[in-house]
Amino acid sequence: MLGIRRAAARIDAATPPQRDRAVDALRALAILGVVLGHWLVTALVADGGALRAASPLGAMPWLAPVSWMFQTLAVFFMVGGHVATRSLGSARARGGTYVGWLRTRLARLFVPVAAVLAVWTVAAVGLLLGGASFVTVHTVVKLALSPLWFLLVFAVLTAATPLLVRLNPLWPLAVVLHVDLVRFGLGGPSWLGWVNVVAGWLVPYTVGAAWTRGELERPRAGLLLLVGGAVTTALLVGRAGYPASMVGVPGAAVSNLDPPTLAAVTFGLAQCGAALLLRDRLRRALRGHLVWAAVALVNLSAMTVFLWHQTAMMATTATGLFAGRLPGLHTVPDGLDWVAARLLWLPVFALVLGVCWAAFHGFESGGGRRAGREPGGSRVVRVGHRGNTQGLRGTRRV
């Protein structure tokens, strides 16, 4: 414990005083929310000789509040918009070019993806050659690679950041509103909903840009987003027929997330408002060495955790098949006994994710690393979101 405290103190001492630690905390909470949400509401059911995807939300819709707690992508996109707009402004102030800035940011996103694609290409071929059914291979590969959709959307928004610096979030929100009105109110084509994949996540991204512009510093801004978003979402669910779950449920007629609906976007605005209201409390809490060190480490591993958490769950599920159908792992998620059993599996998933982190974290570390030497000869690798920090000693840039 003494060694841990000393290491935490070193990380704290190496953190520039101007760094907004609340930004890192919100990003870490968003990533962990997505991971826990997937582990809790995604099940792989052993059905004969195949595995199929299922969700406890299908049999137990009253568990929908779980999705409200752990569907935190809007907060991630808000933080991403805030960091990207600050980073771009900082790069321009230093005389950097847009192309160089974009190349660096996209490298940090896509370099770790190479390992995921390589591993799952080999795994899929091996499973098929080993006699696994196509249904099983399709299910596991789809779940393993499903996090990649976020990278594509995030990359598009990142590339468009110079156009979004001054964009009011009401404009993409209006697009989402009209798309849903045509789809659900006027019987328009279902494919129109895919416009919301960009427009829906553009809303919190531009909220982040408004944060950078200083328009959301007053508490009433966060309160307005929280109350307005929550009330609007409640009306959409209660009166307009939108699903209560903020994640997709297999077999459901409408998904709030695939593609995003107006209800998902307004709910995301409520989450963004809550996040903005928490900033001061988070800053005070992160003055402690241990808490800040934990947040910093999660941020340093954010891409690895995000890309490999589904693989960790599926590796545990596949390995467990050798012991038979295990409760909470291979059984149908249709009762509280499954929920209780699944909670017991979460530490195992986390342990396997730790193994994945040890094996593949180097790909994330390689994206954008810059090393140097202090006057005394010690090695310094700087990490952080440009415009928010100058770096953390002993870590890397993300």
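Let's start with a salt bridge. Arg283 pairs with Asp20, and their closest N and O atoms are 2.9 Å apart. Keep in mind that this is a predicted model. Where do the two partners, Arg283 and Asp20, sit in the chain? Arg283 is in helix α13. Asp20 is in the loop between α1 and α2. So that you can find that loop: α1 covers 2-14, and α2 covers 21-41. The pair links distant parts of the chain, 263 residues apart. How many salt bridges does a search of the whole structure find? The count is 7.

Stay with α13, please. This helix spans residues 262-285. Look at helix α11, residues 195-212. The axes of α11 and α13 come within 9 Å and cross at roughly 25 degrees. Angles under 35 degrees count as roughly parallel, so α11 is roughly parallel to α13. The crossing is right-handed. Who makes the contact? From α11 come Gly200, Val203, Pro204, Val207 and Trp211. From α13 come Val265, Leu269, Cys272, Leu276 and Arg279.

Helix α10 is residues 170-185. Its axis is 9 Å from that of α13, and the angle is about 150 degrees. Are α10 and α13 roughly parallel or antiparallel? The cut-off for roughly antiparallel is over 145 degrees, therefore these two are roughly antiparallel. On the α10 side, the contact uses Leu173, Val176, Leu177 and Asp180. On the α13 side, it uses Leu262, Val265 and Leu269.

The peptide bond from Asp258 to Pro259 is cis. Its omega is near 5 degrees.

Next, α12 itself, residues 219-239. Leu235 lies in this helix.

Last stop: the two ends of our helix list. Helix α14 is residues 289-300. α1 packs against α14 at about 75 degrees, with the axes 8 Å apart. That makes α1 roughly perpendicular to α14. In α1, the residues in contact are Ile4, Arg5, Ala8, Ala9, Ile11 and Asp12. They meet His289, Leu290, Trp292, Ala293 and Ala296 in α14.

Key: Residues are numbered from 1 along each chain as its sequence is written. This is a predicted model: local features need pLDDT of at least 70, side-chain atom pairs count only at pLDDT 80 or more; totals for chains, interfaces and linings use all residues. Side-chain values use heavy atoms; hydrogens and water are left out. Helices (H or I, at least four residues) and strands (E, at least two) are DSSP runs, numbered from the N terminus. Axes are lines fitted to C-alpha atoms, for helices over the stretch in contact, and angles run from 0 to 180 degrees between N-to-C directions. Angles under 35 degrees count as roughly parallel, over 145 as roughly antiparallel, 65 to 115 as roughly perpendicular and the rest as oblique. A crossing is left-handed if the near helix is turned anticlockwise from the far one by less than a right angle, and right-handed if clockwise. Contact means heavy atoms within 4.5 Å. A salt bridge is a side-chain nitrogen of Lys or Arg within 4 Å of a carboxyl oxygen of Asp or Glu.
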